[in-house]
Amino acid sequence: MRSRFDIRHYSGFFAITCACLFILYAPLIVVMIYSFNDSLSITTWGGFSLRWYADVFTGPESEKFKLAAWNSLSIAVMAASVATVIATAAAIGMIRGGKFKGKSASFALISLPIMVPEIVTAVATLIFFSAIGFQLGTLSILVAHIVFCIPFAYLPIAARLQGIEASYEEAAQDLYAGRWPTFRYVLMPIMGPGIVSGFLLAFIISLDDFIITNFIKGAGVETLPTAIFGSVKQGIKPNIMALSTLMLVFSIALVTLSYFIGKRGADPDTTA
Amino acid sequence: MAAGTGSGRTISSTFAPVRNYLLAPSWLVIGIFLLVPVLLMLVYSFLTKEFRGGVIWEFSLAAYDQFLFDRGLFGDDPPKIEWAYITIFARSIVQATGATILCLLIGFPTAYYIATRPTKTRAVWLFLVTIPYWVNLLIRTVSMKFLIRDNGPLNDALMGIGLFDSPLQLINTNTAVQLGLFYSYLPFMVLPIYAALERYNFAFSEAASDLYAPKWTILRWILIPVVKPGIIAGCILVFVPSLGAFLAPDLLGGAKTFMIGSLIEEQFKGNAGNWPFGAAASMILLSMVLVVLMFYARAQARDQV
């Protein structure tokens, strides 16, 4: 901005940044626009209309979508909740557990679900459930989602905990607070924003998952991504674009929420 | 990151006596439902296939043999090298490498531009890059398919401005898959590089500039070496998921653009129905990823010294 002699300025970088954002947003914006298309065909523009949004809720496929949305949301809420509890405990164990043997092995195990490619996790989980004769369905999806949600919940929680001085808990314990009250009344309020972002991240990751769910959902159980994938196989229909736009708006609302929670969390308690 | 905040203080151990109870749930859940399954998958890759899915508990090397050798329809011809699967793996590596390079070329300048903004506008830019990362990958890939299909908006626009006379046939080509992978994982490249650049001390660049170093020399020999860990992290975050990607090759590509992910999926969900072969292909993919991660861990350890 100051001049071209500014050593921080490289010509062309601004143009590339604009190109980057254009690439990231162009497909999403195009689908958003076409979701309001009145025409039956996806190629020609037939004027503005909300008919495909009505179709998502009342059309011939609406029952399927509603059930899938219910499955997706209930699995995501349960998986993210369980994963957040497990991850919070693990973060306290890792970061407030002192030095111990196998700390790096423990960290490797917690991050294993991020390191193993999704398709490999999907194959391994399918083989495991079929080998032990576990019925594929909502429960198998839930278990698999809890597993891969743990590291995503763990990372923001652990990052938050790392920034909190141990003196708060030490003070509480000096005043004869047991471990549970120390956690419940001292540590948890300070960790709050980290726990909430961990939950939200796990929630989105669960909602987002297609590959693993597709492998282990069994017959008849659909989540939103698998239902959309099934529909898209026969070509992109306008109602899918409306449904996609709704999901898009939902995701953006969640990110905005987590952004503001994160902002509120950046208080003087954090030491850097 | 972690080492930075923790150093200077003694490691706190306020919860040390209950450490094992706190860690046990995560160990058990991930151990039973991921580590054991992966080991079981290794076992399955050495079993005999049952038609229509599943396995027979009999040791066999058939899966790995099928991967490497072609023994004819009845399996009694002299073995020839089977190129089909090697080609699929090679294509996956090429595609993942290409996507990584493209993401780096666009992602680095973007991260740099954002990191050099004033604090307030920086948050807005960063937020804009983060949003697509949170949007469902399936929806993003479907959107890309909608955009680049033969009579889609991209071709309308290109023909509208007179760049082409006939629609560009992108769908079902390797180019489309490449574009899809690049688009899918671009935010993964920007964010770690940004994190590294944010901590970069521009006094280094100023010192070099005072000594008459040209700008691009400063970038190449001072800035890039300092933020290298962020660049490597970004490359891994793009390369690893691209290698095993399923959605981009499946939705944007066709039979000629098969990648590892589609090959594996076909063994379990599709018509092939060969579980040991799918398990073997997954093991090979996993080994490749582990090699990349080990390389990364070693590079990180070197940088810490």
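How far apart do the end C-alpha atoms of residues 218-240 of chain B lie, and how much of the span is helix? In this predicted model, the end C-alpha atoms of that span lie 30 Å apart, and the span is 100% helix and 0% strand, where helices (H or I, at least four residues) and strands (E, at least two) are DSSP runs numbered from the N terminus. Residues are numbered from 1 along each chain as its sequence is written, and chains are lettered from A and ligands numbered from 1 in the order in which they are written. Local features need pLDDT of at least 70 and side-chain atom pairs count only at pLDDT 80 or more, while totals for chains, interfaces and linings use all residues; side-chain values use heavy atoms, with hydrogens and water left out.

**Chain B as a whole**
- Chain B has 13 helices and four strands, and its C-alpha trace spans about 75 × 70 × 35 Å along the principal axes.
- Of its 305 residues, 49% count as buried, that is, under 20% relative accessible area with a 1.4 Å probe and protein chains only.
- Among contacts (heavy atoms within 4.5 Å) in chain B between residues at least 6 apart in sequence, 63% join residues at least 24 apart.

**Annotated spans**
- An unreviewed UniProt entry lists "domain: ABC transmembrane type-1" at residues 89-296 of chain B; UniProt positions are given in the numbering used here, feature names are shortened, and annotations may be inferred rather than shown by experiment.
- In the model, residues 89-296 of chain B are 78% helix and 0% strand, with end C-alpha atoms 21 Å apart.
- The unreviewed UniProt entry also places "transmembrane region" features in chain B, among them residues 218-240 and 275-297; over residues 275-297 the chain is 100% helix and 0% strand, and the end C-alpha atoms are 32 Å apart.

**Interface with chain A**
- The contact takes 89 residues from chain B and 96 residues from chain A.
- About 8900 Å² is buried between the two chains, with carbon and sulfur atoms giving 78%; buried area is the accessible area (1.4 Å probe) that two parts lose on being put together, summed over both.
- In chain B, Phe15(B), Trp134(B) and Phe146(B) lose the most area to chain A, together 10% of what that side buries.
- One salt bridge is counted between the chains, a side-chain nitrogen of Lys or Arg within 4 Å of a carboxyl oxygen of Asp or Glu, and the side chains of Asp250(B) and Lys233(A) meet in a salt bridge at 2.7 Å, N to O.
- Helix α2 (residues 19-44) of chain B gives the most to the side of chain B that touches chain A, with 18 residues.

Terms used:
Buried means under 20% relative accessible area, exposed over 50%, partly exposed in between (1.4 Å probe, protein chains only).
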